Amino acid sequence: MTTGAQSPYPARPRRSRLRTLLPLGVAAWLVLEIWLLTLVAGASSGLVVFLILLAGIVLGSYVIKRAGRRAFRNLTETVQQQQGGGPVTPGARTDSEGNGLTMLGGLLIVLPGLISDALGLLLLVPPVQKAVSRYAERTFERKLREAAAQSPLGDAFTQARMRHPDGKVVQGEVIRDEPGSGSPEGPRPPLAK
């Protein structure tokens, strides 16, 4: 019998619900994929299942390659605009949106299975991409706010993430004019116009 004595073993932190249920979900998904493929093979033949899987690999790799080329082209254009001194306009190109979700859709198509193929094809539809993108962005922002609130550096983290409404960042230096320390040349001109 103990009377308030500390245990020599520290208490383990509680596992999150996601870490507990994710392996079970993946196992259930794999069993369902295999069951559906055997169902299709029983209704038709093994050759049909092989052709479905081969078509998924070819289509998925084409989608991934196309989205990767588009992302690389957009990156190259952005770098050239920055090197040329021109303004970078992130909202001007609408074709650059959703490259990550398009690649994820292609990856899901490449994975063997009918459910992953259906989810991958669904991610290629632009309205679905926009809805998933908005949901992911809101979730990410909420998680960042929660993490910042729990962190001892939460206020500094929030201030570091602040943006100007127009998205511009002005770099410069602060010069304090204190009495008696004036320069003989007079006030300095602005850094840039």
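**Labels and their grounds**

The crossing of helix 3 and helix 4 is left-handed. The model is a predicted one.

Q: What makes helix 3 and helix 4 roughly antiparallel to each other?
A: The axes of helix 3 (residues 99-110) and helix 4 (residues 114-123) cross at roughly 160 degrees. Angles over 145 degrees count as roughly antiparallel. The two helices are therefore given that label. Their axes come within 7 Å.

Q: Which residues make the contact of helix 3 and helix 4?
A: Helix 3 supplies Leu101, Leu104, Gly105, Leu108 and Ile109. From helix 4 come Ser116, Asp117, Leu119, Gly120, Leu121 and Leu123. These residues divide into seven nonpolar, three polar and one charged. Gly counts as polar here.

Q: Why is the pair Glu146 and Arg142 called a salt bridge?
A: The closest N and O atoms of Glu146 and Arg142 are 3.8 Å apart. The cut-off is within 4 Å, so the pair qualifies. The structure holds one salt bridge.

Q: Why are Glu146 and Arg142 separated by about one helical turn?
A: Both belong to helix 5 (residues 126-150), and they are four residues apart there.

Q: Which residues does UniProt list for "transmembrane region", and how much helix do residues 21-41 and 47-64 hold?
A: The unreviewed UniProt entry lists residues 21-41, 47-64 and 101-125. In the model, residues 21-41 are 100% helix and 0% strand, with end C-alpha atoms 30 Å apart. Residues 47-64 are 100% helix and 0% strand, and their end C-alpha atoms are 26 Å apart.

How values were computed. Residues are numbered from 1 along each chain as its sequence is written. This is a predicted model: local features need pLDDT of at least 70, side-chain atom pairs count only at pLDDT 80 or more; totals for chains, interfaces and linings use all residues. Side-chain values use heavy atoms; hydrogens and water are left out. Axes are lines fitted to C-alpha atoms, for helices over the stretch in contact, and angles run from 0 to 180 degrees between N-to-C directions. Angles under 35 degrees count as roughly parallel, over 145 as roughly antiparallel, 65 to 115 as roughly perpendicular and the rest as oblique. A crossing is left-handed if the near helix is turned anticlockwise from the far one by less than a right angle, and right-handed if clockwise. Contact means heavy atoms within 4.5 Å. UniProt positions are given in the numbering used here, feature names are shortened, and annotations may be inferred rather than shown by experiment. A salt bridge is a side-chain nitrogen of Lys or Arg within 4 Å of a carboxyl oxygen of Asp or Glu.
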